[in-house]
Amino acid sequence: MRLSKIIIILFSFVFISNADSLSAAGGEAYKNLKPGFSFEGPFGKFDRESLKRGYQVYSEVCASCHGMKQLSFRNLSQPGGPEFSIDKVKEIAAEYFIMDGADEYGDPVERARIPSDRFQSPFDSKDAAKAANNGAYPPDLSLITKARSDGTNYIYSLLSGYEETMPDNITIDDALSYNPWFPGNAIAMAQPLYDEMVEYTDGTEATISQMSYDVANFLTWAAEPSMEERKSLGIIVMGFLIIFLILMFFSVRRLFEDVH
Amino acid sequence: MNHDHEYTPSNGFTKWLDKRLPLIRFADENMLSFPTPKNLNYFWTFGFILTLCLVTQIITGIVLAMHYTPHVLMAFDSIEHIMRDVNYGWLIRYIHANGASMFFLAVFIHMFRGLYYGSYKEPREILWILGVVIFLLMIITAFMGYVLVWGQMSFWGATVITNLVATIPVVGESILTLLLGGFSVDNPTLNRFFSLHYLLPFVIFGVVILHIWALHVTGNNNPTGISVKDSNDTISFHPYYTVKDLFAYVVFLLMFSYFIFYNPNILGHPDNYIEADPMVTPAHIVPEWYLLPFYAILRAVPDKLMGVLLMFGSIVVLFFLPWLDTMKVRSARYRPTYKIFYFTFLVCCLLLGYLGGQAPEGIYLFLSRVCTIYYFAFFLVVMPILSKYERPSPMPIGISNPAINNNLEMDDNLAPSGNN
């Protein structure tokens, strides 16, 4: 037994220390704020109203520079997400256009998007995006919360964390903005959110922190639309395994009873 | 116990089959009535667990390959396609990605068990060597699999590791070009890594069969390290160890499930959710956790070629274990001095794992060097010296006989007993 205990303790030490080193990899920045999200924990589910508001913030503010190429409009109506109605999703999709196929003369044809189409990226290429943004590339947001350590809290902290006054000992390029949550503190994205910038359809007051919260929530769902399915399947699988474990435990005990 | 029974075909068909291809007899002898020491502890369940790990990786991998596109422009998106559009694709991919970590966790425990109980000693040298071959193949396979994701860490990890080849004098550059299919990590690299990542698991599977074959020739070692003498020392594999192994596997699956369903990305690096970009280097390039000890050894040496040699040497040295440690007593249970060095070695390996994730500077670099020196000293200095001078503590006469053996004719006690 001694050997097993020692090994378990030491291995858990390695896991824990690794997790630490990963979160430290972002560079010198403030520790993320933790506003608390409903999807956290093994039974967590997304707050649908917040996801809907988050989509509104994304489409009205973020989408002018950031694409979300991994998402299709149909995702917006699927279970475990914002769960817009299918008609609403058709309406949303139809606001965007796509070049699709060619007509009888071989000329490209443009049509309105349908739910099975992907989200439209604001720029045709990375170079075009850079050219329009002072040389900085606004990253695609499909996976942003998974591509950053503690992603959801990081996005929330970053968006709500722009500060007008910066400490005297820091100097940054005029084209950049000061944000203590960004690694290196100088970020190419100017403060994107201001109070009442968005008029929420459900009447919620659009403060900077509310919008940051909703959009961080939305981006977390977007990074992994199957999260609710994953967690609920996990309960079933682990429940089954625990029952199986108990049966196996007594089987082993019984079997080895007369092995001396 | 009841393992003395011999397989007798019961009906016409099985009798007919038994004369031509004794498949059922083979299964009976190797999986059901196989005589197994009765005192095996839970550390002996990892062979079974590892076999299932390999099967899991192969099955999930085959399904993933049906939906994956090995092209630099599409690889990353095709994985997101699996995660988002394929039915239960997220589940299959998370099983495969975390399964690799679980596979390594199990193989580390399996190897440290062998090291503790002297499972590599006579007559199990070939068994151990085959195990090291499997381990080496696993490392190569896992590394290539990680590249297929085509995230930032995939790309830069591949760049760093393949460039190690270039340190080989004279032919290094040519081998590197051949390995990459060009002058940098690019589409040809991804293509050949995909091809090899699909091939190697089947090679592993083949070596696993040899590994199990070798095991069934010598029989299991056991926690006392004392050879099995007669049928009083053994029980049949089934039902005793099928059930015990299955119990251990369920415990293992519970931990595995935690990662799959509740923390699927904790063992990976967030940067690998950013598509590979040859123009942007990540702040820290780190391999997957299970390769960190070797990465730490690599970076502990100021000279690049020496670092590469030591890193490979850290695995190659394992091949020679049976001849470095010639002490007849197998189990560390009866080797008080070896035990101390063994646990120091264990701590040292875990520390190397931690250090591999840190920047190679200051105290981290210093500790990496100390641990690297100890890693090799343990095999090359401690083992041969202890083999010569260590005095084992008193041992029981046999697995079934706890009386202390006063006759110090160890050879007699530990000699292989042939086929039981």
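## Overall size of chain B

Along the principal axes, the C-alpha atoms of chain B fill a box of roughly 70 × 60 × 45 Å.

This is a predicted model, in which local features need pLDDT of at least 70 and side-chain atom pairs count only at pLDDT 80 or more, while totals for chains, interfaces and linings use all residues. Residues are numbered from 1 along each chain as its sequence is written, with chains lettered from A in the order in which they are written.

## Fold and core

Chain B holds 16 helices and two strands, taken as DSSP runs (helices H or I, at least four residues; strands E, at least two) numbered from the N terminus. Of its 420 residues, 42% count as buried, meaning 20 or more other C-beta atoms within 10 Å of their own, with C-beta atoms placed from the backbone.

Now to the nonpolar cores, sets of buried Ala, Val, Leu, Ile, Met, Phe, Trp, Tyr and Cys residues joined through C-beta atoms within 7 Å. The largest has 95 residues, and Phe103(B) and Leu352(B) are among those with the most contacts inside it. H5(B) gives the most to this core, with 18 residues.

## Where the chains meet

Here 39 residues of chain B are in contact with 37 residues of chain A (contact: C-beta atoms, placed from the backbone, within 7 Å). H10(B) gives the most to the chain B side, with 13 residues.

Terms used:
Contact = placed C-beta atoms within 7 Å. Buried ≥ 20, exposed ≤ 12 C-beta atoms within 10 Å, placed from the backbone.
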